[in-house]
Amino acid sequence: MKVMINKILALLMAFFMLVSTVSWTVEKHFCFGSVIDIAFFHEAETCGMEIPLLNDTTDLIKDFNSCCSDEIISVQGQDQLSISYDDLSFGQQHFLVAFTSYYLNLFQPREQRYVPHADYPPPILVKDIHILDQVFLI
């Protein structure tokens, strides 16, 4: 049970690390107020009713009311995850070294004692002689 909980927590932490470090972009394209396309990580497909680019000589009408609109939602991820060993205080360094050495020693094989009579079975007791003879140590 404990091993399963550790595995689940490790997977959750890895997932949260992935989600927090990746930049997310969601782009939506609306045409006449309804959603035409939603895209993750790239540009949304358009409906084909956009105004073509005009020459530089012609002026654009600034108050042009287009039927299409785009909505972009962007979430920036973390990019400052590298922690150098020098940024840690002395107490944190001491704890890190102690924890690492203790953790690595968990995987060392333990010494097994030699038991000389491990391969020999004990004799079968037919009768308990001490009880039959009523000999007891006091």
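How much of the accessible surface of the chain belongs to carbon and sulfur atoms? The accessible surface comes to about 13,800 Å², and 63% of it belongs to carbon and sulfur atoms. The model shown is predicted.

**View 1. The whole chain, element by element.** The chain has 3 helices and 3 strands. Read from the N terminus, the order is α-β-β-β-α-α. Of the 138 residues in the chain, 7% are buried. Contacts between residues at least 6 apart in sequence were also sorted by separation: 46% of them join residues at least 24 apart.

View 2. Strand β1 covers residues 24-31, and strand β2 covers residues 34-40. The two strands run antiparallel and are joined by 6 bridges. Between the strands of the hairpin lie 2 residues. Phenylalanine 32 sits in this turn, with a positive phi of about 55°.

View 3. The structure holds 3 aromatic pairs. In the pair of phenylalanine 95 and phenylalanine 99, the ring centres are 6.0 Å apart and the planes meet at 20°, so this pair is stacked. Planes under 30 degrees apart count as stacked. Helix α2 spans residues 90-105, and the two phenylalanines are 4 residues apart in it, so about one helical turn separates them. Phenylalanine 95 is exposed, at a relative accessible area of 57%. Phenylalanine 99 is partly exposed, at 46%.

**View 4. Phenylalanine 99 and tyrosine 103, one turn along.** Phenylalanine 99 also forms an aromatic pair with tyrosine 103. This pair is stacked, with 6.2 Å from centre to centre and 20° between the planes. Both residues belong to helix α2 and stand 4 residues apart, about one turn of the helix. Tyrosine 103 is partly exposed, with a relative accessible area of 44%.

**View 5. The aromatic cluster.** Which residues make up the cluster? Phe95, Phe99 and Tyr103 form one aromatic cluster. Phenylalanine 99 takes part in two of the pairs described above: with phenylalanine 95 and with tyrosine 103.

Definitions and conventions:
Residues are numbered from 1 along each chain as its sequence is written. This is a predicted model: local features need pLDDT of at least 70, side-chain atom pairs count only at pLDDT 80 or more; totals for chains, interfaces and linings use all residues. Side-chain values use heavy atoms; hydrogens and water are left out. Buried means under 20% relative accessible area, exposed over 50%, partly exposed in between (1.4 Å probe, protein chains only). Contact means heavy atoms within 4.5 Å. Accessible areas come from the Shrake-Rupley method with a 1.4 Å probe; for residues, only the protein chains shown count as cover. Rings of Phe, Tyr and Trp (its six-membered ring) pair if their centres lie within 6.5 Å; planes under 30 degrees apart count as stacked, over 60 as edge-to-face and the rest as tilted. Two strands pair if DSSP finds at least two bridges between them.
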